[in-house]
Amino acid sequence: MTELARPGKIIAIHLNYVSRADQRGRRPVAPSYFFKPASSLAGTDGVVERPAGTELLAFEGEIALIIGAPARRVAVEQAWAHVASITAANDLGLYDLRANDKGSNVRSKGGDGYTPLGPELIDASRVDPAALRVRAWVNGELAQDDTTAGLLFPLPQLVADLSQHFTLETGDVILTGTPAGSSVIVPGDVVEIEVDAPDAEGAPSSGRLRTTVIQGQVPFDPALGSLPGVDDLQRAEAWGSRALAGLPPEEGSKNAASSPAHPTLSDPSSEGQGEVGLSDELRSKLMAAPTAGLSSQLRKRGLHSCFIDGLSANLPGAKIVGTAKTLRFVPAREDLFKSHGGGYNAQKRAFDAVGEGEIIVIEARGDASTGTLGDILALRAKTRGAAGVVTDGGVRDYDAVAEIGLPVFSQGAHPSVLGRRHVPWEFDVTIGCGGATVQPGDVIVGDGDGVIVIPVGLAEEVADAALAQEDEDAWIAEQVAAGHPVDGLFPMNAEWRARYDARPGARG
């Protein structure tokens, strides 16, 4: 490890990645900063305490700039020349104390060991500040993956901006923000951060900055100051979403669970998700009713655009019933895939947030020339209790997905990985799938005849009518089998209707 001199100042920016800003639902018009004490500095392969009586310690993988030549009122064009080196940083924070610090982050971000840096320094003159990458792993699982192409405020701008207000001195450190994927860590977790320049000559890297979380034993003294405290807002922001914090969606929120967070840190409760308006009794009715009968009843009620066309099941004879959890892909574009395709993207978040009995419905614009899920995501959905997946695109690992036992209705198999045709963009929004509009919470029914969409408010009525029609059709079939002609019987005229109503066991 390269030894770092103790900095005079550590300056950090609150929000700087598009992915993180979208997660928080706000985009600042200018950079906003806070200071961290030099005593928070820590090296690689160290430990950090989660203080006694707290629950929301979160990691943030960041690129750290180390100032080489003093900078005072420098222009953006000259700013990068004042940066000697870059390295990896973990801007650890304790959300239990954040509310009391009103954005200053003095205690929530200033704890001993809350700023690990290292292990190696990258010569800033060798790299393009717009082509750096930062990644984070928790217990070996990738949690963050983003590049400086996705910054709101470029790195040279931060140096120039800060130099307007005070002198940046040799050895000062600037923490440049964290992308989406930051989340809560608990004692025993191991976090690793790496910064590199994959397109530069030699692909220089900081190596992995490793920090292990341990449990602190000393509580805060109530006689000295405010104590830790958390609410649902702090839990949601620390974990990355209400869903991953185990909280139900906020009333009226269309995308309460869509913020990024690390997928392996918790197995969030499905409370408040899935099967809205779909009781066990209604589910049983819909399982018994064929899609052909259900679609007929929808047409009688003026709904003609209820079909998700062109799909077939990966499991012969599969029947799915559930409420829709929607996922939307947009056409592939290289810059957008860099900002939205890697790390804990919308596709992964949707599969992590799916509730028991829900069906993931994917808008892939009818493009069958690429996969929209594979065996790992199918296994995650199966583990979460999903009722199935519907996609108007393709499926990779097709045979493996079938072996998992998750019913998937798709256009068939395709071996390509994500990024060839699609960018995972958002979930829990209104989408178009196979020619049908699907809203979160719509009832989805699929069988050998295809897949249909039923507005949840009509599901009970349509199911009852379809089952009644099934009884009627079964009786008509018996009459045809007995030799009666279909004329007047199918559909029934008044004479045959009277016979049907008078049959043994008919309800009066």
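**Exercise 1. A proline in a strand**

Pro119 lies in strand E9 (residues 115-123). Work out what kind of peptide bond joins Gly118 and Pro119, then find where Pro491 is placed.

*Solution.* Before the steps, a word on the model. It is predicted, so local features need pLDDT of at least 70 and side-chain atom pairs pLDDT 80 or more, while totals for chains, interfaces and linings use all residues. Residues are numbered from 1 along each chain as its sequence is written, and side-chain values use heavy atoms, without hydrogens or water.

Step 1: Helices (H or I, at least four residues) and strands (E, at least two) are DSSP runs, numbered from the N terminus.
Step 2: Look at the bond between Gly118 and Pro119: omega is about 0 degrees, and the bond is cis.
Step 3: Move on to Phe490 and Pro491, where the peptide bond is also cis, with omega near 5 degrees. Pro491 sits in the loop between H12 and helix H13 (494-501).

**Exercise 2. Positive phi**

Find the loops that hold Asp45 and Asn105, and decide for each residue whether it is buried or exposed.

*Solution.* 
Step 1: Asp45 belongs to the loop between strand E3 (41-42) and strand E4 (46-50). Its phi is positive, about 55 degrees, although Asp45 is not a glycine.
Step 2: Asn105 belongs to the loop between helix H3 (98-101) and E9. Here too a residue other than glycine has a positive phi, near 65 degrees.
Step 3: Buried means under 20% relative accessible area, exposed over 50%, partly exposed in between (1.4 Å probe, protein chains only). With 54%, Asp45 is exposed, whereas Asn105, at 6%, is buried.

**Exercise 3. Two cysteines**

*Solution.* 
Step 1: A disulfide is a covalent bond between the sulfur atoms of two cysteines; the cut-off is a pair of sulfur atoms within 2.5 Å.
Step 2: The closest cysteine sulfur to that of Cys306 belongs to Cys433, 13 Å away, so the two are too far apart for a bond.
Step 3: The count of disulfides is therefore 0.
Step 4: Both residues are inside the protein's cover: Cys306 is buried at 3% relative accessibility, and Cys433 is buried at 0%.

**Exercise 4. Around helix H7**

List the buried residues of helix H7 (residues 291-300) and name elements that cover them.

*Solution.* 
Step 1: Going along H7, the buried residues are Thr291, Gly293, Leu294, Ser295, Gln297 and Leu298.
Step 2: Their cover includes helix H6 (280-288), strand E15 (307-308), strand E24 (443-447), strand E25 (450-454) and helix H12 (459-481).
Step 3: Just after H7 comes Gly302, with a positive phi of about 85 degrees.

**Exercise 5. Ser339 and the whole protein**

Which residues does Ser339 contact, leaving aside its neighbours within four places in sequence?

*Solution.* 
Step 1: Locate Ser339 in helix H8 (residues 334-340); at 18% relative accessibility, Ser339 is buried.
Step 2: Contact means heavy atoms within 4.5 Å. Ser339 is in contact with Ser19 and Asp146.
Step 3: Now zoom out. Among contacts in the protein between residues at least 6 apart in sequence, 76% join residues at least 24 apart. The protein has 13 helices and 25 strands, and 53% of its 508 residues are buried. Its C-alpha atoms fill a box of roughly 100 × 55 × 40 Å along the principal axes.
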